[in-house]
Amino acid sequence: MAGLKKFISNIILAALVGALIVFAASLFLPKKWQVSGKIVVFPSGKPASASQNLSEEIGNTAWIVNGDTFQKRNFGDFGADFAGAEVVKNSSMVLVKFRSAESDIQAIEDLIVKIPGQVDEYARDLYDGSPFKYKMASDPEISARPAWPNVIGNTAWGFTIGAILYFLYWLMVEDFIFKKDQGGEESPIEPKRKSVFDFFPEMEEKETFEKKVKFEKPVVIEEKKPEAEIIEKKTEPVEKTFSAPVKSSSAPSNLPIAESEIPPVSEASEYSEPSDEEVKERLNKLMRGEL
């Protein structure tokens with residue numbers, strides 16, 4: 001529905017543009033007035049049967065005036081301004097029309113007044129006699145306003161042409177133009193529509209960045225630790241405790257005797273702390289297996 005409304009609004013707009021262009025052009029065209037005269041056709045009475053053929057003679061008179069031969073013989077330079085001759089409905093008259101610039105109106109009037117005698121002369125040669133007579137019904141008439149260009153008619157044509165041109169554009173450009181994609185199939189070309197990002201590209205960059213931060217999974221970068229630290233984590237710490245040696249029946253005689261000082265061992269007991277000499281003696285006995 002939205003597409004149909006857009007199409008109708010566009011075609012009306014194109015028609016109005018066409019009408020406006022033609023209207024403006026018509027205003028600059030040279031203006032011409034219509035100068036017309038009515039010629040009465042009636043039988044001369046010779047022969048008597050001429051009155052029976054009067055209706056046909058009215059049509060023949062219009063045909064004679066519209067002929068190229070008659071125009072070249074009688075109109076001269078004003079032949080280009082001749083607008084035609086036609087039978088007046090339900091009458092015995094022929095209407096002769098000319099287009100005339102304002103400066104040529106009087107000359108065209110004089111030319112129209114001469115047409116009945118010229119038709120009579122032409123018909124005498126054609127019929128080998130004068131069975132009919134031709135006379136002006138009244139003085140030539142001049143239009144109140146310029147008849148050419150026809151501004152209203154031209155504007156209507158411009159409106160119609162504008163609508164037709166847009167319809168053809170819609171058929172050729174928006175409906176029937178296709179392009180070939182990589183697969184060889186034809187796909188319609190979609191016209192690129194401008195958005196706010198065409199005028200403010202920095203907004204598009206900001207929005208793209210925000211989308212990436214929102215939807216992309218964060219990447220955790222693990223820091224490489226020294227191998228010594230990794231080995232220390234994998235190896236469980238061993239608590240250093242003193243345990244009493246297992247008594248053996250015999251001990252080797254060549255065991256070394258500790259000469260270095262042993263740090264004092266704190267014991268939670270009721271006895272007093274032993275002296276250094278006592279500690280050395282106990283260690284030596286322990287290492288020899290005497291304890």
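Reader: Where do aspartate 120 and arginine 124 lie, and how many residues apart are they?

Author: Both residues lie in helix 4 (residues 105–127), four residues apart, which is about one turn of the helix. An α-helix has 3.6 residues a turn, so residues three or four places apart point the same way. The word helix here stands for a DSSP run of H or I with at least four residues, while a strand is a run of E with at least two, and both are numbered from the N terminus. This is a predicted model, in which local features need pLDDT of at least 70 and side-chain atom pairs count only at pLDDT 80 or more, whereas totals for chains, interfaces and linings use all residues. Residues are numbered from 1 along each chain as its sequence is written, and side-chain values use heavy atoms, with hydrogens and water left out.

Reader: What makes the contact between the side chains of aspartate 120 and arginine 124 a salt bridge?

Author: The term asks for a side-chain nitrogen of Lys or Arg within 4 Å of a carboxyl oxygen of Asp or Glu. For aspartate 120 and arginine 124 the distance from N to O is 3.1 Å, so the pair meets that definition. Arginine 124 itself has a relative accessible area of 37% and therefore counts as partly exposed, given that buried means under 20%, exposed over 50%, and partly exposed in between, computed with a 1.4 Å probe on protein chains only.

Reader: How many salt bridges does a search of the whole structure find, and why can one say that lysine 32 and aspartate 81 tie parts of the chain together?

Author: The search finds four, and one of them joins the side chains of lysine 32 and aspartate 81 at 3.5 Å, N to O. Lysine 32 sits in the loop between helix 1 (2–28) and strand 1 (33–43), and aspartate 81 in the loop between helix 3 (68–74) and strand 2 (82–87), so the pair ties together parts that are 49 residues apart in sequence. Lysine 32, at 26%, is partly exposed, whereas aspartate 81, at 12%, counts as buried.

Reader: Which parts of the chain are linked by glutamate 86 and lysine 97, and is lysine 97 called buried or exposed?

Author: The side chains of glutamate 86 and lysine 97 meet in a salt bridge at 4.0 Å, N to O. This pair links distant parts of the chain, with glutamate 86 in strand 2 and lysine 97 in strand 3 (residues 93–100), eleven residues apart. Lysine 97 has a relative accessibility of 18% and therefore counts as buried, while glutamate 86, at 40%, is partly exposed.

Reader: Why is alanine 19 called buried, and what is phenylalanine 23 called?

Author: Alanine 19 lies in helix 1, and its relative accessible area is 9%, so it is buried. Phenylalanine 23, which is placed in helix 1 as well, has a value of 34% and therefore counts as partly exposed. Asparagine 154 is 7.9 Å from alanine 19, C-alpha to C-alpha, although the two are 135 residues apart in sequence.

Reader: Which residues form the negative patch, and why is aspartate 276 called exposed?

Author: Glu273, Asp276, Glu277 and Glu278 form this patch, and they are called negative because Asp and Glu count as negative, Lys and Arg as positive, with His and the chain ends not counted. Aspartate 276, which lies in helix 9 (residues 276–288), has a relative accessible area of 60%, so the word exposed applies.

How values were computed
Patch = residues over 30% accessible without salt bridge, like charges linked within 9 Å, V, L, I, M, F, W, Y side chains within 5 Å. Areas by Shrake-Rupley, 256 points an atom, 1.4 Å probe, with all protein chains shown as cover. Charge placed at Lys NZ, Arg CZ, Asp CG, Glu CD.
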